[in-house]
Amino acid sequence: MTLYPTDRLALFIDGANLHSATKALNADLDFKRMLEAFREKAVLVRAHYYTAVVEGEEFSAVRPLVDWLGYNGFSVVTKPVKRFTDAQGISRMKGNMDIEIAVDMLELAPRIDHAILFSGDGDFRRLVQAVQARGVRVTVVSTMKSQPPQIADELRRQADAFVELADLLVDYGRPRGERA
């Protein structure tokens, strides 16, 4: 990915998708080091992190991360998980953040030169295309090195650049479960 010092940059992190990808690679992302590196390479306008949260539970595994990110330079966007029963009578949870990511990226597009999307979700292909039509370069970060690959082929092809998450973890990762 090519970043220029004058690039106005925004990060859009699909928390659930990134968690799944890093878990598949048996690593964790050091958000603090990564954010500092992007600030050194470009003008970081915004760093969004999106995740659904389970409300009403005494302990939520994602809550400490969400709190830390909120205090350390990220704009955290959350919404409550929805519980439903599927056709087989099995209780399931859903917490898709695609619309929130799409709206924020389109709203910010006039004020940025480069968007970095941390997600492999093929549903974002049309969003990437729309943001590119507004003159914004889009880099997608995900992984092809997991089984199955976490990146949708149509999203990878649409992006101006694709960054393999495993390569990013060389600089901004740590073994899974290790504290920063």
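Predicted model: local features only at pLDDT ≥ 70, side-chain atom pairs only at ≥ 80, totals over all residues.
Local features in the model require pLDDT of at least 70 and side-chain atom pairs pLDDT 80 or more, whereas totals for chains, interfaces and linings use all residues. Residues are numbered from 1 along each chain as its sequence is written, and side-chain values rest on heavy atoms, without hydrogens or water.

The protein contains seven helices and 10 strands, assigned as DSSP runs (helices H or I, at least four residues; strands E, at least two) and numbered from the N terminus. Its radius of gyration, 16 Å, is close to the 16 Å that the globule rule gives for 180 residues, so the protein is as compact as a globular protein of that length; the radius is taken over C-alpha atoms, and the rule is 2.2 Å times the number of residues to the power 0.38. Of the 180 residues, 46% are buried (under 20% relative accessible area, 1.4 Å probe, protein chains only).

The second largest pocket holds about 160 Å³ of space. A pocket is an open set of points on a 1 Å grid over the protein atoms alone where a 1.4 Å probe fits, with protein on both sides within 12 Å along at least five of seven lines; lining residues have an atom within 4 Å of a point. The volume is the space filled by probe spheres set on the points, which are joined across faces, edges and corners. Strand 3 (residues 43–53) gives the most to this lining, with three residues. Among the lining residues are Ala 16, Ser 60, Val 81 and Gly 95.

Methods:
Buried < 20%, exposed > 50% of the residue type's maximum accessible area, 1.4 Å probe, protein only.
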